[in-house]
Amino acid sequence: MKVSMKRGLLGVLTASSLAAGLLVGIAPAHAAKGANCQVNTPTAKAQCDLITVALVGKVVSLDPANPVKTTNPNYVTKLLIMGQLFRFDINGVAQPDLVDKYTVSPDGLVYTFTLKDMKYSDGVTPVTADDAVFQYEYSQKGQPGFSQIKTVVAKDAKTIVYTLEKGFADFPRALANIYGVMNPRSKAEGKPEYWNNPLSAGPFKLKTWVPGSDEMLIEANSNYWAKPAVKQIRFLAITDPVTRVLAVKQGTIDYAFDLPLAIGKDYLGDPKKFRAQPFQLSGTFTLDFNMKKAEGKPWSDVKVRQALSYALDRKQFSDLAFNGNVTPGCALTYVSHPNYLCVKPGGVKQDLITAKNLLLQTAWPTGFEIRLSVFNRPGWADGAAVIASQWKKIGVNATVVAEPDAVGAAGQTNGTFEVQLSGYGAPLLSSGLATYMGAKGAWTVWAGSKFNDALVEEYDAAIGKKAQQAVLTKIEQLLWDESAHLMVGQRSGWGASSLPLNLFQNQRANDQYTVLQTPALGAKKK
């Protein structure tokens, strides 16, 4: 099947026309109502009554044990309305949140946390050390960043002691990641209905929400230890990326992430009205094969999969689909990470000769047909079209199918995909590694690829760059030897806002949100 960039553009223009119609039914934003809440307002003076933020999909569940816990709309909202022992600041640094002070034993195996004296959002229920024990038992045990925990003990009402099997210098980052939430055992244990209206020990609390609805409204939590600069946030699910651009343009929403860059720049180029927020995410674009249903299929042969990797022109993928914002890469470790290294022979360069020679050694020397599915995210379908055009050069005909998140996710879960252009984003590198290398990792489960928890744990325990890269060399070699996941380049994102800088936005290199608050996360005590 021929897939052209012109055809992709036509799809965008069609989406744009549809989007204009869709916006008619969206209520105008109360949009940054409040004193001093314009794009050029100094951040320190910005105070907003209500801002409206676009999500890429609906919030389906706030239950941290629900399988959708790793889906963006569910965790970016959840982390604002639930307490965390540590929370990422605007720069992506894990700062103490509910933790007042802590110590680490000389061998790095025992973390002792003392909690702030706080109550949950009902003003009655105290935040206790046992809540951390409950959350570990309920939703964290065995998850990335928590697999090395030996015991979690509430020494008293305000003191939590984590004992690790091995040293893990990044442990505070694990606690700040998407699994690191706090909820009261007394209210949540054995009560699935609790998660429809959870109490909060975070900066905001839930005001109105129905699971699976288009809107969620949260408001500042008066029992939180700091004061957010925004009183209320309305989250609105707008799945079409072009519609998100037009919604920002029209003032229907104040902030949107994951926008199509070219269209966004055209519509939102006025710096007096809009603030562009581009950055690379801490994650990697990957091509993932369905190994569970590969028997008799061309991609069951590792030489075929490696041929498809050699056929990739990763720079062209970046230039044509992402305006050059994707840094080409050939490792699961994202390129800007200090430990990035590539074990793939030839690095990121396209090598059609090697690709064709590998195919000649298989039962499909002249090529084959394959279905290349992709989430309908900005640039992703165009990226898949670029990949299809590259594979065509070695005789492989890829039919590109762009799918809404819900359809693509169902294909992952049901195992109906053949190869999918996807990717991960994780502030904690071992979380990304575990997604593709852990026994319970999402892509390990979906793809049926090989896993090795011991290596992920070994990386977490390694101290110093040399030791960490030694482990990563083994991990990346195993990934290349199997080639069930082909790495393309570091993920990028582009957002736009009509709000003051740092008032409300994604953390640097992350898709989680941070709201300006006083005192700030990490501020020194007076």
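**Salt bridges.** I searched the whole structure for salt bridges (a side-chain nitrogen of Lys or Arg within 4 Å of a carboxyl oxygen of Asp or Glu) and found 15. The model is predicted, with local features requiring pLDDT of at least 70 and side-chain atom pairs counted only at pLDDT 80 or more, while totals for chains, interfaces and linings use all residues. Residues are numbered from 1 along each chain as its sequence is written, and side-chain values use heavy atoms, leaving out hydrogens and water.

**Arg185.** I looked up the partners of Arg185. Asp130 forms a salt bridge with Arg185, with the closest N and O atoms 2.6 Å apart. Asp130 lies in helix α3 (residues 129-140) and Arg185 in helix α5 (residues 185-188), so the pair ties together parts 55 residues apart in sequence. Helices are DSSP runs of H or I with at least four residues, strands runs of E with at least two, both numbered from the N terminus. A second salt bridge joins Glu137 to Arg185 at 3.2 Å, N to O. Since Glu137 also belongs to α3, this pair ties together parts 48 residues apart in sequence.

**Accessibility.** I recorded Arg185 as buried at 18% relative accessibility, and Asp130 as partly exposed at 30%. Glu137 is partly exposed at 48%. Buried means under 20% relative accessible area, exposed over 50%, and partly exposed in between (1.4 Å probe, protein chains only).

**Asp258 and Arg377.** I noted a salt bridge between the side chains of Asp258 and Arg377 at 3.9 Å, N to O. Both residues, Asp258 and Arg377, are buried. Elsewhere, salt bridges with shared partners join Asp130, Glu137, Arg185 and Glu189 into one network.
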